[in-house]
Amino acid sequence: MTVGAYGLGKFTVNTNCASRTSAAIRLIGVSGVIIKDCKLIGNNGGAPYGIFIENSSTNILMKNITVLRCDIGGFYTNDPYGYGGEIFVSGCTGVGVESRCIPSAGINKLSVIQNVLHGLDGPGSPDDNGYTGAGTAKNITNVIIRENHVFDIGGKPKGYSGTLGNGILVQATDGAVVERNVVHDLAGNVNTCGGAAGIWAYRANNVKIKFNEAYNVRPLVRPTTIGCDWNGFDFDRDVTNSVMEFNYSHDNYGAGYLLFGGGIWGPNTVRFNVSENDGQVGNGWFAGITVSASTESMPFQIYNNTIYTNVSKIKDPLGKPGKTPGITFTNGKGIRPSPNGLVANNIFFSVANTNGVSPLIGNQGTDVSSVKFLSNNYYSSGTPEIMWFLHGVDKPIKPIYTSITSWQSATGQDPRAITVNPKLRMPGSAGICKEGLAGCLSAYQFINNTSTTDSEASPMVGTGVNLRMSPYFFNTGLTDLWGNLLPKTSGFNIGVQAGP
């Protein structure tokens, strides 16, 4: 069954229902449905959902649902403990609240393509989420979320952790591709910890997040004591066998890319991504890449990313010069876990803050002895800070290591580290992409990667470790973001331009 527009334009539903389960369109236990070319308008919190999709059966599979080219805005709930969204997908029977969730037989083959999901009143719009859902089992399968534009999802203050202000949240899902979406101006009203994020996965397996842009995930009023996250991208609790690749995160209050261990987590991979001026909260907790460990071993691979931070433009919540490293490790709940992973072939490019300090690697009390650093570029325009503790078990005020060599000597880490200028074209200038990632992210390609004699030739070319070879044998894919073939036997380039 196809529900679409007759004649020109989109068909419009001005929602006038009001209850905790109200939606402009409800798809309950049906299969083979396409909703396309619609315009759905909310009614000041009366209807929590724009499109609500749920299987009401515990033994019959629901399948083949598509939402295509719809414009959906203005959906949220005034219930301080509830949440809704422009598109809400439930893996539960009933109303889909996790505390009362009875897993359904599931939903297979769900496609959400070329939609515009947004608030109606700018970044402060109280809309709860763009795409989200609920569930305790990974029973939503074979999901495609492609070429959607999500913006002005403000959420609300004092909401339940992680449920508000999100662009795209994939959860209760096994098998999803989230690609070529743009999400921005999110979580403006959120002031609690646990979310929000631009694009993230929670309680999910085999999720691929690729070729997306996330920016301006940030509160409208800068908090001084409460609130956290506001990340670009996130693999959160109970996420396994998943990959973030070819994404662009910039100008977010929290981390560009967060790995938050909890439950059964990993192995997960972050590769071929760019972060530009993320971690604008400036408190050292969040960075271009943040690994937040709890009690798990957290197997991860972080390689061939380029992280640029102009720390001179960042202040902490008290207005002092900010600390925003290229990568940081945080410890959960005052414990000292040891995540297990590899950090290789990345560029960490830092412009010094007003104190002349360029944070590169931060540590909030996590034992990183099981993390292997290899062939990374650490470039600082000022005095580098390599590793320090701000909170947690260890609390010295001063950095532990103030140079690459002292860190290498004390820990044996990253013996092939490179500390010279990577000679990127125009780092820090990518801004908002208007015509695709490949064009604007050319700012992070090398000035000249072919000549061995030219003074502009980058020392990053061919000097990284080849992760396709022994002893790693990683499945790295075949190309970098621009389609350059990755070397089979010679060294990778360092940074997001991994191929020649």
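Which cysteine does a disulfide join to Cys38? The partner is Cys70, with an S to S distance of 2.2 Å; a disulfide here is a pair of cysteine sulfur atoms within 2.5 Å. This is a predicted model, where local features need pLDDT of at least 70 and side-chain atom pairs count only at pLDDT 80 or more, while totals for chains, interfaces and linings use all residues. Residues are numbered from 1 along each chain as its sequence is written, and side-chain values use heavy atoms, with hydrogens and water left out.

To stay with the cysteines, the structure holds three disulfides. The link of Cys38 and Cys70 is right-handed, with 125 degrees about the S-S bond. This pair ties together distant parts of the chain, 32 residues apart: Cys38 sits in strand β5 (residues 38-41), and Cys70 in the loop between β7 (62-68) and β8 (71-73). Helices (H or I, at least four residues) and strands (E, at least two) are DSSP runs, numbered from the N terminus. Cys38 is buried at a relative accessible area of 0%, and Cys70 is buried at 1%. On this scale buried means under 20% relative accessible area, exposed over 50%, and partly exposed in between (1.4 Å probe, protein chains only).

Next comes the bond between Cys92 and Cys101, whose sulfur atoms are 2.0 Å apart. With -95 degrees about the S-S bond, this link is left-handed. Cys92 is buried at 0% relative accessibility, and Cys101 still counts as buried at 15%. The remaining bond to mention joins Cys433 to Cys440, with S to S at 1.6 Å, and both of these residues are buried. What about Cys17, and why is it too far for a bond? Its closest cysteine sulfur, in Cys38, is 14 Å away, so a bond is out of reach. Cys17 is partly exposed, at 26% relative accessibility.

On to the strands. An open sheet of 12 strands runs in the order β2-β5-β8-β13-β16-β18-β20-β24-β27-β30-β33-β37, with parallel pairing. Two strands pair if DSSP finds at least two bridges between them. In general, strands of a sheet pair through backbone hydrogen bonds, either parallel or antiparallel. The edges of this sheet are β2 (11-14) and β37 (377-380), each of which pairs on one side only. Neighbouring strands are turned by 10 degrees against each other on average, direction ignored; for such angles, axes are lines fitted to C-alpha atoms, for helices over the stretch in contact, and angles run from 0 to 180 degrees between N-to-C directions. For a look at one pairing, take β27 (residues 274-276) and β30 (residues 306-310), which pair in the parallel sense over three bridges. Ser275 has Ile307 in β30 as its bridge partner.

The aromatic side chains come next, with 19 aromatic pairs found in a search of the whole structure. Rings of Phe, Tyr and Trp (its six-membered ring) pair if their centres lie within 6.5 Å; planes under 30 degrees apart count as stacked, over 60 as edge-to-face and the rest as tilted. Among the pairs is that of Tyr49 and Phe52, tilted at 45 degrees between the planes and 4.6 Å centre to centre. Tyr49 is buried at a relative accessible area of 5%, and Phe52 is buried at 2%. Another pair, Phe329 and Phe373, is edge-to-face, with 75 degrees between the planes and 6.1 Å centre to centre. Phe329 is buried at 0% relative accessibility, and Phe373 is buried at 1%.

Ring pairs also link Phe211, Phe246, Phe272, Tyr303, Tyr472 and Phe474 into a cluster. Arg180 lies over the face of Phe211, 4.3 Å from the ring centre. A charge sits over a ring if NZ of Lys or CZ of Arg is within 6 Å of the ring centre and within 35 degrees of the ring normal.

Finally, there is Asn129, in strand β14 (residues 129-134). Asn129 is buried, at 0% relative accessibility. A polar atom of its side chain lies 2.9 Å from the backbone oxygen of Gly84. The Asn129 side chain also makes a polar contact with the side chain of Asn166, at 2.9 Å. A polar contact is a pair of N or O atoms within 3.5 Å; within protein, one must be able to donate a hydrogen and the other to accept it, and residues adjacent in sequence count only if both atoms are side-chain atoms.
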